[in-house]
Amino acid sequence: MTLPAVVLGLMFVGLIAYALFAGADFGAGIWDLLAGGTRRGARQRDLIEHSIGPVWEANHVWLIFVLVVLWTAFAGAFAALATTLYIPLTLAAFGMIARGAAFAFRKSITTLGMRRFLGAAFAVSSLITPFFLGAVVGGVASGRVPPGIAAGDVVTSWVNPTSILGGVLAVLVCAYLAAVFLCADARREGPEDLAEQFRARALGTAAVTGAVGLGGFFVLRADAPLLFAGLTGRGLPVIVLSVVAGLVAIALLVLRRYASSRLASGLAVTTILIGWAVAQYPYVLPPYLTIDQAAAPRTTLVATLVALIVGGAILVPALAYLYTLFQSEHAEHAEVGSPQPR
Amino acid sequence: MEQIELVLSDAAENLLPARMQMAVSLGWHIIFVCFGLALPVIVVFTEWRAHRRDDPALHELARAWAKAMGVLFAAGAVSGTLLSFELGILWPGLMGRFGPVFGFPFVLEGFAFFIEAIFVGVYLFGWDRMSPRAHILSGIPMIVSALAGAFFVISANAWMNNPTGFTMDAQGRVVDAHPVAAMFGPSTWPQWAHMYTAGFMVTGFTVASVYAVGMLRGRRDRYHQIGMLIPLTIASIAAPVQIVIGDWIAGNVARNQPVKLAAMEGLYRTGTGVPLSVGGIYYDDRLHYSLEIPWGLSLLVTRNPNGEVVGLEAVAPDLRPPVNVVHLAYDSMVAMGSALLALAAWLGYMWWRHRRAPRTVWFLRAVAVSGVAAIIALEGGWITTEVGRQPWIVYNILRTADAVSPAPGLYLGFYAMLAIYLVLTVLTVYVLRRLARTHGTAAPQEGTAAQQEIDAPPSERPGQEDAVR
């Protein structure tokens, strides 16, 4: 593996972490949107708020991580991507602002009308943000982002079959991950019926995601032949692994083994993303710009690599500490074993 | 050929809206940066004092400020995200060409921001779940990562002012990038010190002003008195320090960006024994209606009344920044900074002679407006350094007009952003006012217990008493 590929690979680890953790946070917002009326959906919304409240900001930083590594180590590709796809990126950024601010502020507000408005802003932006990010991925993967500043078409680069597929899949995957994650949280925090509701949603979303994914292969064969060739060629073992992990996750859900289902679901999503990376290797911007062509000078790559290793050594324990703090908090609820006092 | 002209016209059409979009989103974000830098220090200090003295009022203040910190951090985090998108969306000519040189500190900032976000969550969530000692210690990574993060971002901005750490070939391509060296150009340390101290002034005076208003409305209890005095004292220590740093940075600008200094002072002719000009309007290559302090500028930047100062005439007209904007922004900063220094001196004198804060209503009124004054000074300083660098985005190397994206329709983003930020501003102020009025309101990062606090009737809130204990 060349030095540029190593740096890009580490960036991709950040992208996977963003998809898994922030993706689940987005998905939680989607379920907030679909939770029903104020009274009926209150318990689900509470659970969602408890689950993502203390961690969403940290999860969100993975995206910043991806952006900064990209513009330092693959500056030209970043400039091409940001300018050609500026419309979905701007809309995704607006969505992130609306989602973060609305979620944060809703907690500090008690008046019903204002809470409803902020809740709606949180939920709707949780739906549109992953859609636009998925559309961006679709634009890159289908070879619609040529190198050069604003060299691609600013509309068709993200309004095309592959981008729409990417956007829809992103939304579905976020919703699925959130439902699976919330099953386990619901069981820890409260009565079993809440977990059952999210289990039903997880199974339903899994079925829809599978169907869209299957149909997506036909879309890709017609719209992005190079990506299709990569996915069914070199990337096939990874895709098969993803399908198997997905089926195992569903089986575990059926058996109500929520914690293990989380891991299997995470693996399924991770392998889908790796499959995309393998399919378009060695290109950053297929079919124009390879990883080595796009890479920054060696001094920059070395500095970035050192920063990623040292920074990672500080970051990973801190993240582990954050998550452990909440798991033990949840565990206390589980030990008490009593329903929430409300 | 036609294609090229089309691209150029798009770029020209995009330039002003793109600059305005960057200016508004950065000018908004920088206020929250100040709170991110200083509020953790003030909160952790207050919490520590509260435990040392076992003082309920201090406990309550620390908790109230921590909640405000949660809201301000969320607002800063989301507005910072838009900025990282905008760097690529609006200024691809900068990022695409020089990302390998000056993008690196942003990688480090990414990690600093990560640590900050994690420990803001831990600190706010862990209030009643950790021992006081462990909780105060969990505040320290938050403080250190904010300090480091500001250094990394400022070093990137300082690089734009004084680019170092690379060489270019004849075609202007970067051939030899040294990203670590690029972080330590001549402007980095003074700019960082200036920003960090500004953080304490903005935060200290703004928080103090909230309690000064409360006292003016008759709430003169101990809670309000301490709530005003702690942040005010911290800001008052920062104010004189900032004057010294200001002198340092002015000398640095005079050496490294003489045209920016000339614009700050509205100085056209290069000369010796140059006066310091206050106020006035610049037109016809001259500053009109300004108050002049003889030899002032020469003394300030060369330490010699007859020292030579470079004027705007040193460069061609199209290489000069818009003088009035820079000059008036700079003067606003100096005026506000001086007024805040006077306020700090007032407090310092009374403390020295009488061991207490001034009791007159005029002092409270002055503190009540000091927060706004500090924010004006902050924005004035930021406009000075950013507009003063124009027409360059990378000083003397890349023009802003050549860095902007030519993507069609880009300018529409500016109007969309304006609308969103208007709503965001109204909501932020609304939520902060609610936090100030109701003590039971939860901060965004707080978990389960906070939600129960909202739902439970006030008499049954367990969290508050736990905090006092």
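Here are some notes on this predicted model, for anyone opening it for the first time.

1. Start with the overall build of chain B. It has 16 helices and ten strands, and its C-alpha trace spans about 75 × 55 × 40 Å along the principal axes. A compact globule of 469 residues would have a radius of gyration near 23 Å, and chain B agrees with that because its own value is 24 Å.

2. Next, how chain B is packed. Buried residues account for 53% of its 469 residues. Take the contacts in chain B with a separation of 6 or more: 76% of them are between residues 24 or more positions apart.

3. Now the place where the two chains meet. Here 66 residues of chain B are in contact with 58 residues of chain A. On the chain B side, the elements giving two or more residues are α2, α3 (92–102), α4 (104–125), α6 (179–183), α14 (412–437) and α15 (448–455). The biggest giver is α4(B), with 15 residues. By type, this side of chain B divides into 42 nonpolar residues, 20 polar and four charged.

4. If you want to zoom in on A178(A), leave out residues up to four places away in sequence and you'll find it touching A24(A), G27(A), A28(A), I30(A) and W31(A).

5. Two cis peptide bonds to check. One runs from Y281(A) to P282(A), with omega near 5°; P282(A) sits in the loop between α11 and β1 (283–285) of chain A. Another joins Q390(B) and P391(B), with omega about 5°, and P391(B) is in the loop between α12 (361–387) and β9 (392–394) of chain B.

6. Finally, two non-glycine residues with positive phi. A150(A) has phi near 50° and lies in the loop between α6 and α7 (161–189) of chain A. It counts as buried because it has 25 C-beta neighbours inside 10 Å. W295(B) has phi near 60° and lies in the loop between β7 (291–293) and α10 (296–302) of chain B. With 17 C-beta neighbours inside 10 Å, W295(B) counts as partly exposed.

How values were computed:
Residues are numbered from 1 along each chain as its sequence is written. Chains are lettered from A and ligands numbered from 1 in the order in which they are written. This is a predicted model: local features need pLDDT of at least 70, side-chain atom pairs count only at pLDDT 80 or more; totals for chains, interfaces and linings use all residues. Two residues are in contact if their C-beta atoms, placed from the backbone, lie within 7 Å. Helices (H or I, at least four residues) and strands (E, at least two) are DSSP runs, numbered from the N terminus. Ala, Val, Leu, Ile, Met, Phe, Trp, Tyr, Cys and Pro count as nonpolar, Asp, Glu, Lys and Arg as charged, and the others, Gly among them, as polar. The radius of gyration is taken over C-alpha atoms; the globule rule is 2.2 Å times the number of residues to the power 0.38. A residue is buried if 20 or more other C-beta atoms lie within 10 Å of its own, exposed if 12 or fewer, and partly exposed in between; C-beta atoms are placed from the backbone.
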